[in-house]
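Open the structure in your viewer and keep the selection tool at hand. The tour moves stop by stop.

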Amino acid sequence: MRHRSIALIVATALLAVGCTAEIPGQPRAAKVVKKEASGPTIQVRGSDNGAIDKLAATALTDIEEFWTDSFQSTFNKPWKPLSGGYFSVDTADSTAKPPPCTQKAADVEGNAFYCPAADAIAWDRASLLPVLQDRFGEAAVVVVLAHEIGHAVQNRMGITPEAERREPDKYPTILTEAQADCFAGAFVRNVTDGKSPRLDINADALDKALGALITFRDPVGTSPEDEQAHGSAFDRVAAFQDGYEQGTKFCAQMSVQNRQFTQRAFTSTTDRANGGNLPFDDMLEAVTPDLDGFFKDLATKSGKTWPTPRAEATQTEPDCSGDQGPVAYCPSDKTIKIDTKDELPDLHKKYGDYATGTLIASRYAIAELAVLGKPTEGEKASEAALCLAGAYTGAVFQRQDGFGLSPGDFDEAVTILLQFDYAARDAKGGNPVDPGFQRVARFREGVFEGAKKCGV
């Protein structure tokens, strides 16, 4: 039977080479349940009453209450609680009873899903939720369950498996998954605004939880037309952010006409062979003149003369103007200094070539602000640098010829922005945009709305 899953089906998906973006650092199981939270929670069938199921029950109780209020205001009709209920499955127990939409408990391994036929949600308490909690914190468990309730919302909207079969062009999987991410974002905003009686998710916990969405992205090079496509990391985080910032009514109106996806399939055997990544030296050789041309054109249109900053290699982290990270704009001699020995090559290797491209683009953006006579220091300058790096990325994405983006490049950008604030520092290395969630949001504004959105 058809069911809507959170992501990849196998338990090893979180660690599978080539399917995920490895997140560095130590796991942080940040607590999100309020100490004073009390009272009854929803019933979980098959539960062992352990800590992970108690977290799930608490989260789902809050999510149900959120939709009791929000569904009426969004769709002008009352919310109907899930008639089939909630199921916790111990996939390590061969004798465990299977939940709806499955033949055996092992079918749930590494997964959480909504079953439209039974109007029920099930999850693997042995090898999914505990792994999410350990690697990404308790907020990741909340996000996953809010996503699955998002599919229940769709079912009540009339976006059923039957409707999808009748009109596959209207309801492609990548769209319905994005909408569920959007609904999850709307719920989490309710929590971060302090409106939840049971949950408390701060900025650090939210940044960490978004690592789960990155992990649950489609493998790089998956076609957006694939019937099982869930979306790239950039697309999934973007949908979540839209729900967080715009609310449930915005999510409800998402369609193939108004939603742009950045996910792309590989178009050449060379791109597929190298995973869409250029070697470090080749990336520098390609991206720096291209950035120069983009920002020169931007300056010229504003009636300014672009000085063509020299891109210079350094063997240590640049220190010409504060701590900007492994790439810096040096206003004294109008150069872009790039660490070609240590940190930037390491980031390139870990995160991909467009992690490098994003950091360099943000420093060219600072140079652009200087040419235009805009402030290069302060929070507004940091925001503008992120936005202009996004505007450049969006322009490259739209090209048909010349230097372009490969599948996975947007994911590399969102990952580096979530993990590091280098691209969000001003010309003195200060006033970074925080948290990572907001860095991605400012970058996205440039991608989809262009340089004018950045104030230039």
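How do the residues of the lining of the largest cavity divide into nonpolar, polar and charged? Five are nonpolar, two are polar and one is charged.

**Stop 1: the cavity.** Remember that this is a predicted model. Select Gln324, Pro326, Val327, Leu359, Ser362, Arg363, Tyr422 and Ala423, which line the largest cavity. The space inside is about 30 Å³. A search of the whole structure turns up one cavity of 30 Å³ or more. Now colour helix α12, residues 353-371. Three residues of the lining come from α12, the biggest share.

**Stop 2: strand β7.** Val327 from the lining also belongs to β7, residues 327-330. Show the side chains here. Val327 and Tyr329 point one way, while Ala328 and Cys330 point the other way. All four are buried. In a regular strand, side chains alternate between the two faces of the sheet.

Stop 3: Pick Ala328 and look across to Lys337, its bridge partner in β8. Four residues lie between the strands of this hairpin. Lys334 takes a positive phi there, near 55°.

**Stop 4: Asp339.** Stay in β8 and select Asp339. Is Asp339 buried or exposed? Asp339 counts as buried because its relative accessibility is 2%, and the cut-off is under 20%. Beyond its neighbours within four places in sequence, its contacts include Phe280, Thr314, Glu317, Pro326 and Leu344.

Stop 5: Most residues other than glycine have a negative phi, and most peptide bonds are trans.

- Asn49 has a phi near 60°. It sits in the loop between β2 and α1, and is exposed, with a relative accessible area of 57%.
- Cys101 has a phi near 75°. Its loop runs between β3 and β4. Cys101 is buried, at 11% relative accessible area.
- The peptide bond from Asp434 to Pro435 is cis, with omega near 0°. Pro435 lies in the loop between α14 and α15.

**Last stop: confidence.** Colour the chain by pLDDT. The mean is 90, and 91% of the residues reach 70 or more. Then select residues 7-29, where pLDDT is below 50. Beyond near neighbours in sequence, this stretch has 58 contacts in the model.

How values were computed: Residues are numbered from 1 along each chain as its sequence is written. This is a predicted model: local features need pLDDT of at least 70, side-chain atom pairs count only at pLDDT 80 or more; totals for chains, interfaces and linings use all residues. Side-chain values use heavy atoms; hydrogens and water are left out. On a 1 Å grid over the protein atoms alone, a cavity is a set of points where a 1.4 Å probe fits but cannot get out, and a pocket is an open set with protein on both sides within 12 Å along at least five of seven lines; lining residues have an atom within 4 Å of a point. Grid points are joined across faces, edges and corners, and a volume is the space filled by probe spheres set on the points. Helices (H or I, at least four residues) and strands (E, at least two) are DSSP runs, numbered from the N terminus. Ala, Val, Leu, Ile, Met, Phe, Trp, Tyr, Cys and Pro count as nonpolar, Asp, Glu, Lys and Arg as charged, and the others, Gly among them, as polar. Buried means under 20% relative accessible area, exposed over 50%, partly exposed in between (1.4 Å probe, protein chains only). Two strands pair if DSSP finds at least two bridges between them. pLDDT is the predictor's confidence in each residue, from 0 to 100. Contact means heavy atoms within 4.5 Å.
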